[in-house]
Amino acid sequence: MKIRYLPLFFMIFSSGLQAITLEEALVAAFKNSPEWLAKRADKNKADESYKRSRMMFLPSVHASLSASRSKTQREQSIAKIDGMNTGTGMELALTQSLFSGFSTINTINASENSAQAAYHRLKFEEQALIVKIVDAFTSIWAGRQKVTALKKKEENLKKTLASQESTLEAGVGTPSEVSLASSNYQKAIYERINAETELFSAESEFEKLTGLKADQELKLPNISMELPKNLDDLIVKAMASNHSILHSKFAEQAAFDELNAVRGRLSPSCDLTLRAGRNLSKEELTSSTNHYEAAVRVTVPIFDNSSSSGNTYSAIAIANQEALKAKFSAEDSRLEIRKECVVNWNKYVTVSAMIKASRSAVKSAEVSSASNLEESALGMKSNTDVLVKENQLLESRVDLANSLKQKIVTSVKLLALAGNLGLNSFLEKQYYLPTAR
């Protein structure tokens with residue numbers, strides 16, 4: 001997260017009158033999300049493991065210091081002789097692995113690829129969190145539009161029911177018309193309650209993710225980042241840059257590097273040992289002895305067994321299955337991302353067409369509603385007819401709000417699939433539009 005975005009978090013609390021923006025919500029989520037912080041810790045752990053593996057080429061160095069004091073008694077025929085001896089020993093030993101069946105370099109490669117896999121996993125989680133925030137944010141906006149429209153629709157149907165009951169009392173209407181009006185009114189009540197429940201759920205999800213309460217001035221964002229040109233372009237970009245695919249790719253490479261590292265344990269190993277030491281002895285006279293040693297040892301493994309990891313042959317079999325699992329997971333990830341590209345691109349095309357249709361329907365309903373109001377004022381239309389047209393206008397506005405919300409969420413998903421969605425780039429390139437009507 002870039003430092004220049006951190007002040008946005010404090011702006012949330014410094015101005016109670018200013019509407020919470022999507023930008024502030026994202027900053028708050030990445031600052032406070034325990035799940036995100038845990039994923040980042042996993043990535044840091046993988047980096048440290050890679051650093052540790054790179055030090056495997058370094059030699060082992062040991063220093064030792066010893067001190068001793070002994071007493072001896074010797075009895076001769078004419079006398080008893082006591083002897084005291086004080087000894088001090090110092091030694092420095094260096095052991096360097098010269099060859100280990102390429103096990104060391106394969107272990108380093110495995111750690112490096114694991115670190116790369118962890119990085120792309122973190123980027124994938126970053127994108128997933130952004131999508132969740134955008135979904136919750138836009139769901140609140142669309143939910144409020146829907147609740148407002150359904151409350152008005154409920155009022156209209158209540159008036160329609162009252163009108164039908166009046167006509168029945170006057171002997172003009174029929175019981176079936178009253179029954180239908182009552183059924184429509186009760187359905188409108190259910191729709192309004194259900195919409196309020198969905199809105200409450202969206203607000204709760206938003207607060208859980210960000211730690212913030214959505215204010216009443218929340219506005220619909222408009223994503224301005226460039227989308228892929230077509231489905232084929234999206235798939236090409238996804239296969240090259242999608243973080244889920246890259247994560248599985250590097251995880252696969254790490255698994256095969258680990259397999260090669262385990263296989264290297266069956267190869268002969270060669271170690272060089274250098275020792276230098278000095279022994280001091282004080283009895284009747286002080287004496288010192290220096291010793292030096294250089295040794296090369298070649299070890300040929302025949303059957304190596306360990307209480308923690310078992311024998312090498314079993315370890316190879318297990319590592320081989322892990323490598324195959326990683327390979328199949330990588331292939332499954334590619335197929336899954338390709339499917340998601342097709343699904344979300346078609347959804348984007350569909351919802352874009354739906355927005356055009358909804359806007360046309362809203363415009364048509366507005367014209368029709370205005371015309372009905374004029375005709376009602378002239379006595380040419382009943383109030384019931386006016387309310388019916390107004391309800392159609394309200395339903396068209398709800399459809400438009402849902403379509404606008406779905407287009408934003410789908411756009412963000414497309415950016416994530418193409419590997420172009422990130423917190424910093426997202427904050428730099430997105431802007432806001434007023435609430436759509």
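How much space lies in the second largest pocket?

## The second largest pocket

The second largest pocket holds about 330 Å³ of space. This is a predicted model, in which local features need pLDDT of at least 70 and side-chain atom pairs count only at pLDDT 80 or more, while totals for chains, interfaces and linings use all residues. Residues are numbered from 1 along each chain as its sequence is written, and side-chain values use heavy atoms, with hydrogens and water left out. A pocket is an open set of points on a 1 Å grid over the protein atoms alone, where a 1.4 Å probe fits, with protein on both sides within 12 Å along at least five of seven lines; lining residues have an atom within 4 Å of a point. Grid points are joined across faces, edges and corners, and the volume is the space filled by probe spheres set on the points.

The lining has 16 residues, of which Ser100, Ser103, Thr104, Arg265 and Ser269 are the closest to the centre of the pocket. At least two lining residues each come from helix H4 (103-169), helix H7 (243-263) and strand S4 (269-282). Helices (H or I, at least four residues) and strands (E, at least two) are DSSP runs, numbered from the N terminus. By class, the lining has nine polar, four nonpolar and three charged residues. Here Ala, Val, Leu, Ile, Met, Phe, Trp, Tyr, Cys and Pro count as nonpolar, Asp, Glu, Lys and Arg as charged, and the others, Gly among them, as polar.

## A nonpolar surface patch

Phe57, Leu98, Phe99, Phe102, Ile105, Val296, Val298 and Val300 make a nonpolar surface patch of about 810 Å². Patch residues have over 30% relative accessible area and no salt bridge, and nonpolar side chains (Val, Leu, Ile, Met, Phe, Trp, Tyr) are joined within 5 Å. Accessible areas come from the Shrake-Rupley method with a 1.4 Å probe; for residues, only the protein chains shown count as cover.

Strand S2 (80-99) and strand S5 (286-299) each give the patch at least two residues. Phe57 sits in the loop between helix H3 (34-54) and strand S1 (60-75). With a relative accessible area of 47%, Phe57 is partly exposed; buried means under 20%, exposed over 50%, and partly exposed in between (1.4 Å probe, protein chains only).

## Salt bridges

The whole structure has 20 salt bridges, each a side-chain nitrogen of Lys or Arg within 4 Å of a carboxyl oxygen of Asp or Glu. In one of them, Lys405 meets Asp135 (2.8 Å, N to O). This pair links distant parts of the chain, with Lys405 in helix H9 (residues 383-417) and Asp135 in helix H4, 270 residues apart. Lys405 is buried at 10% relative accessible area, whereas Asp135 is partly exposed at 29%.

Glu203 and Arg144 also meet in a salt bridge (3.4 Å, N to O). Glu203 lies in helix H5 (residues 175-210) and Arg144 in helix H4, 59 residues apart. Glu203 is partly exposed at 26%, and Arg144 is buried at 13%.

## A network between strands

Between Glu293 and Arg275, the closest N and O atoms of the salt bridge are 3.8 Å apart. Glu293 belongs to strand S5 and Arg275 to strand S4, 18 residues apart. Both are partly exposed, Glu293 at 40% and Arg275 at 31%. A network of salt bridges links Glu91, Arg275 and Glu293.

## A buried isoleucine

Ile355 is in helix H8 (residues 312-377) and is buried, with a relative accessible area of 6%. Ile355 and Ser403 are 48 residues apart in sequence, yet 5.6 Å apart in space, C-alpha to C-alpha.

Definitions and conventions:
Patches are made of residues with over 30% relative accessible area and no salt bridge: like charges are joined within 9 Å, nonpolar side chains (Val, Leu, Ile, Met, Phe, Trp, Tyr) within 5 Å.
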